Amino acid sequence: AIQTAIDGRLVDLHTALPGIVTVVHESDQEVDVRLALRRRVRDTSDAETSREVPILSRVPLWVSRVSGFSITMPVQVGDEVLVVFLERDASDWVDRGGVRDPTTRRPHHSSHRVAIPALFSTPNRIPSYQATDLEIRTDDRAGRVTLKADGKVEVRSSSTVSIGDGTEEIVALLSE
């Protein structure tokens, strides 16, 4: 009986799950997400079945940002993300910032979540992954900025590299 009660409570306890973006709300920095793993449930005869979880709407996007700097990525429909379920309800903090009390007592609930565009499945892994250098790049590496382990910086582009306000090409600047 105790194990059944514990199992019943754990069904609604969430920590992190992979998901797929279905809608992007750019101006609000939020996404709608379909969880990529179905929920396992027991029916009245104790048989285990699976069912899809309803789409999570208006999930805040995690963006790497600190002290006036940020790294943004163009999240699109179909992108895979990691949905992290916060320990407590942070909706009041999300809306207003500062230090807040949780609005509800529910731990790790599906309504307390954030999407991190950093997890992907094996079929969608990054091609030509650079394990020794830091890169900001397109998947095909046609455009990239590489900070090499030896401290050198390499900028590659299949078209124009601009400096300043973008009106001058780097070749023109170097020739001066």
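**Chatting through the model**

Tutor: Buried means under 20% relative accessible area, exposed means over 50%, and partly exposed is in between (1.4 Å probe, protein chains only). Keep in mind that this is a predicted model, so local features need pLDDT of at least 70 and side-chain atom pairs pLDDT 80 or more, while totals for chains, interfaces and linings use all residues. Residues are numbered from 1 along each chain as its sequence is written, and side-chain values use heavy atoms, leaving out hydrogens and water.

Student: OK, and where is the place of Arg 58?

Tutor: Arg 58 is in strand 5. Strands here are DSSP runs of E with at least two residues, helices are runs of H or I with at least four, and both are numbered from the N terminus.

Student: What's the phi of Arg 58 like?

Tutor: Positive, at about 55°, although Arg 58 is not a glycine. Most residues other than glycine have a negative phi. Gln 29 also has a positive phi, near 55°, and is not a glycine either. Gln 29 sits in the loop between strand 1 and strand 2.

Student: Which side chain does Arg 58 meet in a salt bridge?

Tutor: Asp 28, at 2.3 Å from N to O. The two come from distant parts of the chain, 30 residues apart: Asp 28 is in the loop between strand 1 and strand 2 (30-35), and Arg 58 is in strand 5. Asp 28 counts as partly exposed, at 42% relative accessibility.

Student: What counts as a salt bridge?

Tutor: A side-chain nitrogen of Lys or Arg within 4 Å of a carboxyl oxygen of Asp or Glu. Side chains of opposite charge can pair when their charged atoms come close.

Student: How many salt bridges are in the whole structure?

Tutor: A search of the whole structure finds 11. One of them joins Glu 52 and Arg 34, whose closest N and O atoms are 2.9 Å apart. Glu 52 lies in the loop between strand 4 (48-51) and strand 5, and Arg 34 is in strand 2, so this pair ties together parts 18 residues apart in sequence. Glu 52 is partly exposed at 44%, and Arg 34 is partly exposed at 34%.

Student: What about Arg 141, which residue does it form a salt bridge with?

Tutor: Glu 135, with the closest N and O atoms 2.6 Å apart. Salt bridges with shared partners join Glu 135, Arg 137, Arg 141, Arg 144, Glu 154 and Arg 156 into one network. Glu 135 is buried, with a relative accessible area of 17%.

Student: Switching topic, how do strand 10 and strand 11 run?

Tutor: Antiparallel, joined by four bridges. Two strands pair if DSSP finds at least two bridges between them. Leu 134 stands opposite Leu 147 in strand 11. The two strands form a hairpin with six residues between them, and Arg 141 in the turn has a positive phi of about 65°.

Student: And on to strand 12, how many bridges join it to strand 11?

Tutor: Four, and strand 11 and strand 12 (residues 153-156) run antiparallel. Leu 147 has Val 153 as its bridge partner in strand 12. This hairpin has five residues between the strands, with Gly 151 in the turn at a positive phi of about 95°.

Student: Last topic: how much space lies in the largest pocket?

Tutor: About 1200 Å³. On a 1 Å grid over the protein atoms alone, a pocket is an open set of points where a 1.4 Å probe fits, with protein on both sides within 12 Å along at least five of seven lines; lining residues have an atom within 4 Å of a point. Points are joined across faces, edges and corners, and the volume is the space filled by probe spheres set on them.

Student: How many residues line the largest pocket?

Tutor: There are 32, with Met 73, Pro 117, Ile 126, Arg 137 and Asp 139 nearest its centre. Strand 10 gives the largest share of the lining, four residues.

Student: And the second largest pocket, how much space is in there?

Tutor: About 880 Å³. It is lined by 33 residues, and those closest to its centre are Gln 29, Pro 60, Leu 61, Trp 62 and Val 114. Helix 2 gives the most to this lining, five residues.
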